[in-house]
Structure formats: C-alpha cells, structure tokens
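Please look at the sequence and the predicted model shown here, and keep both in view while reading the report that follows.

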Number of protein chains: 2
Amino acid sequence: MYEILSRTRIFKGLEPEKIRSLLEGIHYQVRTYNKEDIIAFAGDEQNHLLIVLEGLVSGEIINFEGKSIIVSEIPAPNSFAEAYLFASKNKLKINVKAKVDSKVLSIQKDYLKRLMSNEPQLLENYLNIISNRFIIVSDKLNFMMIKTVKGRLAYYFLNKQEETGPGKPFPLERTHQELAVFLGITRPALTRNLLEMKDEGIILIEKKKVTILDNKKMVALIS
Amino acid sequence: MYEILSRTRIFKGLEPEKIRSLLEGIHYQVRTYNKEDIIAFAGDEQNHLLIVLEGLVSGEIINFEGKSIIVSEIPAPNSFAEAYLFASKNKLKINVKAKVDSKVLSIQKDYLKRLMSNEPQLLENYLNIISNRFIIVSDKLNFMMIKTVKGRLAYYFLNKQEETGPGKPFPLERTHQELAVFLGITRPALTRNLLEMKDEGIILIEKKKVTILDNKKMVALIS
C-alpha cells in the first residue's frame, strides 16, 4: 500500500517507508468495494479524504430529471474532491461509485491536518493540489465569459504567446479534441474556426506550432 | 497590527497576543504605499502572502488592448490571491495597486508554511479560504455552462430548494443586483425573466421568499 501511495500527488516526493511511519501515527481505514457499490452519497458531508488504491471510481451527478451522469473518473492511485474537505459547504454534490472492484483508503480530516503539520512535503502537496484546482477552474471560467468560439481561441492563443514572446511560434500542446473540451466547444467548431483564422491570415499553423501573424485582428476577436 | 490581523480570515480565531508570538518566530515585512503605487506586477511570481493592513488595494488587468480594468478591490484588513501562492503556475495575472495610501504585510511562503505547521487554526483557516474560493468558482462555472437566463435562474432556484425541501419557500438572500452579478447576467434581464416565470406560474415570490410551483417546468428550463 505504501508503494502505491508514493505514486499519488498527495504523497509525492515521500518514500514508501516515510509514508508508513506517517500513517502509523494516525487512524485510517481501507475498504474494498464491489463494482457498482456506492462509496459516498451526494449530500453527505465530506469529512474524509478518499484515496483510490486499486480499481476505478466515478463521480456521478443525478440531474434534476433523475438521470445519472458521469462527471469524472478517478483511476488508482489517486485522491479526489480534496477541496471539499476543508470548504465551509462540504456536502458532496456527486455520488461516488466503484466502476470496477476497488480498494479505497480513507483518512479523517483532522488526522490529515495532523499529517500536514508533521510533514512539510505533504502540506506543500495538498496546498498545491487545491490551488491548482482553483487556477484551472478560474481559467476555464474566463474562457466561458467569452461568447464566441473565435474569441475563446484568440484569448487562448494570446495567453500562450505571452509565455513565448510576440511573433514567436508556440506549441499547440493539446490535441484538437483536448483543446475543444478545454474551451467548452465542439471539435468540428474548433477545426472550422481554426481553418477560418488561417484563411484570414490571422494565424499560421505548422508542425503543431502556432504563430500569430495579425495581433490586432486577434485582439478584436475577443471583444 | 496584531489586533488588525486578528480580524482577517487567515488569523480568524487567534488572539492578537497569539498572532504576535507566531510572527515573532519568522521574518516578515510591512511596507507603506502611496495612492497609485504598484504593489506587485502581473507576470511576477507570487511568493509572498500579502495582507492589506490599512487602506484599499485593487487588482487590475491590462487587457490585450492595453486598457486597465479593475477586477477586484480588497479593503483592509484582508489577504488576497491566497491560491496563487502554492499553485504550480504562480505568476500573477493582475497588477496589484494601492487605491489609497495603504500599508501591506508580506510573508514569504516558506515562513507561512512554517506558521501553518505550528498553528492548526491557521492551517484550517488557510485550507478553508482556498477551498471556498474553489467551490465559488466551480459553482459559477456550472452556471456559465447554462446558456439561457431562465436556465440559470432555474438551476439556482432548484439548488436552493434542495436545501429547504420540495415545495417549501426559501429566502432570496441576495438583492437583484447581487443575484444578477452572481449569475453573470444583466439586472434588467434578471427582473424581466423573474416576472415572466411568475406570470407563467412557475414560481411565486412573496416577501423576498421564493416558492417553486411547477417543478417540471423548472427542470425543463435548464436543458
């Protein structure tokens, strides 16, 4: 188990032996679940950190029509819902379900805090995880405030260019499918709009690298 | 200064004397800024927690057209950008500026981590602040995924009703202005759509309390 934990983001940088000694100082539970078992219910207060040790766990929303929709899948080894644990509104919004036979470690939040106080690396990891979650969602929200597909692409590309410098090509990094999901648009819409921006001479795409040719037109697309 | 700090969310629940003894164990800086001084620049790595002790500080974005837009105002006493400090991408996206003459305390992040390790209340407070930020932005993102004004209102009201129970009235809590900002819509659009939902017999609003009369129609508005 300690070797598995050393591969999670929470215990990143800690040796299995170190993790063993940390966990020996607290209480924790390891439970096994059969496929389709519910691990936690929407509406439950989230007072334990859950780490999937083996198997695959899904987060499912029951929408207002009563339909179950999978919103996330967490393969082992990984923790999840880290930000809910310490939020003022800590009720889960999703059902957590075993997609296959799974093994889950659960640590009560007061014990987790004690571990963080004792081990600076764990504190750093945990702060890093929830801070990154915040940044990702904030960035996504900024995109969603822009109404048009070309506007979102322009915003994304201009931000990328700020990292490399004006006029310089930068790598596309994501596949079309990944980029479409990230920008909250469909893949055909992405491809069509990229082609139009190329045809209009605003961007150049070569070998998965993008160059902004017309900065002014690009900026105009956002507003 | 310690009395001022005891009124911030970060030091919530700690007596001024306790805060004094915590801060005496580390290095920190207190700087004064004149009105319009820049406190931190967009693009800078955020390695210090900044706490406004006196005055008023603003976060300003320079948009791609070079125009400065105020995105947040932080009155004393308060900290800000807590989530950036421990994120992997920790470059500020905003200029931080003194709106009036201000005094700002700055604590380097390694010292802050040390304080959190030594004082469980501070750890709890900090985790709570960044977790809440995440939940607020996530909720907002969920609203933005819904395209229509009525859909956003329906989603908001159905969630509120889940807290009180089916058919029961729940308080509106926010003013129309606050609700409009929260839902990312204009105030006239909010008022018009609320009236339409009343006229269609979907909701009843009385004494700042809302009752959902037709759950099925409400649900249909979201999709």
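## Where the two chains meet

How many residues of chain A are in contact with residues of chain B? In this predicted model, 37 residues of chain A are in contact with 37 residues of chain B. Between them, chain A and chain B bury about 3,800 Å², and 68% of that area is on carbon and sulfur atoms.

Polar and charged groups also take part. The rule finds four salt bridges across the interface of chain A and chain B, and the side chains of B:Lys93 and A:Asp139 meet in a salt bridge with a distance of 2.5 Å from N to O. Across this interface there are also twelve residue pairs in polar contact, with both residues at pLDDT 80 or more. On the side of chain A that touches chain B, the elements that give two or more residues are helix H3 (109-118), H4, helix H5 (149-164) and helix H8 (215-222) of chain A. H4(A) gives the most to this side, with 18 residues.

## The nonpolar cores

In soluble globular proteins, nonpolar side chains tend to be buried together. In this model the largest nonpolar core has 96 residues, and those with the most contacts inside it are A:Met116, A:Tyr126, B:Phe11, B:Leu23, B:Met116 and B:Tyr126. A second, separate core has 23 residues, including B:Phe143, B:Val149, B:Ala180 and B:Ile202.

## Aromatic pairs

A pair of aromatic rings is described by the distance of the centres and the angle of the planes. Over all chains the structure holds six aromatic pairs. One of them is formed by A:Phe86 and A:Tyr126, which are edge-to-face, with 5.8 Å centre to centre and 90° between the planes. This pair links distant parts of the chain, since A:Phe86 is in the loop between strand E6 (78-80) and strand E7 (95-98) of chain A, while A:Tyr126 is in helix H4 (residues 120-145) of chain A, 40 residues apart. Both A:Phe86 and A:Tyr126 are buried.

In chain B, B:Phe86 and B:Tyr126 form an edge-to-face pair, with 5.8 Å centre to centre and 85° between the planes. Because B:Phe86 lies in the loop between strand E6 (78-80) and strand E7 (95-98) of chain B and B:Tyr126 lies in helix H4 (residues 120-145) of chain B, the pair ties together parts that are 40 residues apart in sequence. Both B:Phe86 and B:Tyr126 are buried. Elsewhere in the model, A:Tyr156, A:Phe157 and A:Phe170 form one aromatic cluster.

## Backbone features to look for

Most residues other than glycine have a negative phi, and most peptide bonds are trans. Against this background, a cis peptide bond joins A:Ala76 and A:Pro77, with omega of about -10°, and A:Pro77 lies in the loop between strand E5 (68-75) and E6 of chain A. In chain B, a cis peptide bond joins B:Ala76 and B:Pro77, with omega of about -10°, and B:Pro77 lies in the loop between strand E5 (68-75) and E6 of chain B.

Positive phi values can be examined as well. A:Lys208, although not a glycine, has a positive phi of about 60°, and this residue lies in the loop between strand E10 (203-206) and strand E11 (209-212) of chain A. Because its relative accessibility is 69%, A:Lys208 counts as exposed. B:Glu36, which is not a glycine either, has a positive phi of about 80° and is placed in the loop between strand E1 (29-33) and strand E2 (38-40) of chain B. With a relative accessibility of 43%, B:Glu36 counts as partly exposed.

## A buried lysine

Is A:Lys97 buried or exposed? A:Lys97 is found in strand E7 of chain A, and because its relative accessible area is 18%, A:Lys97 is buried. The side chains of A:Lys97 and A:Glu36 are joined by a polar contact of 3.5 Å. Leaving aside neighbours within four places in sequence, A:Lys97 is in contact with several residues, among them A:Asp37, A:Ile38, A:Leu56, A:Val57 and A:Glu60.

Terms used. Residues are numbered from 1 along each chain as its sequence is written. Chains are lettered from A and ligands numbered from 1 in the order in which they are written. This is a predicted model: local features need pLDDT of at least 70, side-chain atom pairs count only at pLDDT 80 or more; totals for chains, interfaces and linings use all residues. Side-chain values use heavy atoms; hydrogens and water are left out. A nonpolar core is a set of buried Ala, Val, Leu, Ile, Met, Phe, Trp, Tyr and Cys residues joined through side-chain atoms within 4.5 Å. Buried means under 20% relative accessible area, exposed over 50%, partly exposed in between (1.4 Å probe, protein chains only). Rings of Phe, Tyr and Trp (its six-membered ring) pair if their centres lie within 6.5 Å; planes under 30 degrees apart count as stacked, over 60 as edge-to-face and the rest as tilted. Helices (H or I, at least four residues) and strands (E, at least two) are DSSP runs, numbered from the N terminus. Contact means heavy atoms within 4.5 Å. Buried area is the accessible area (1.4 Å probe) that two parts lose on being put together, summed over both. A polar contact is a pair of N or O atoms within 3.5 Å; within protein, one must be able to donate a hydrogen and the other to accept it, and residues adjacent in sequence count only if both atoms are side-chain atoms.
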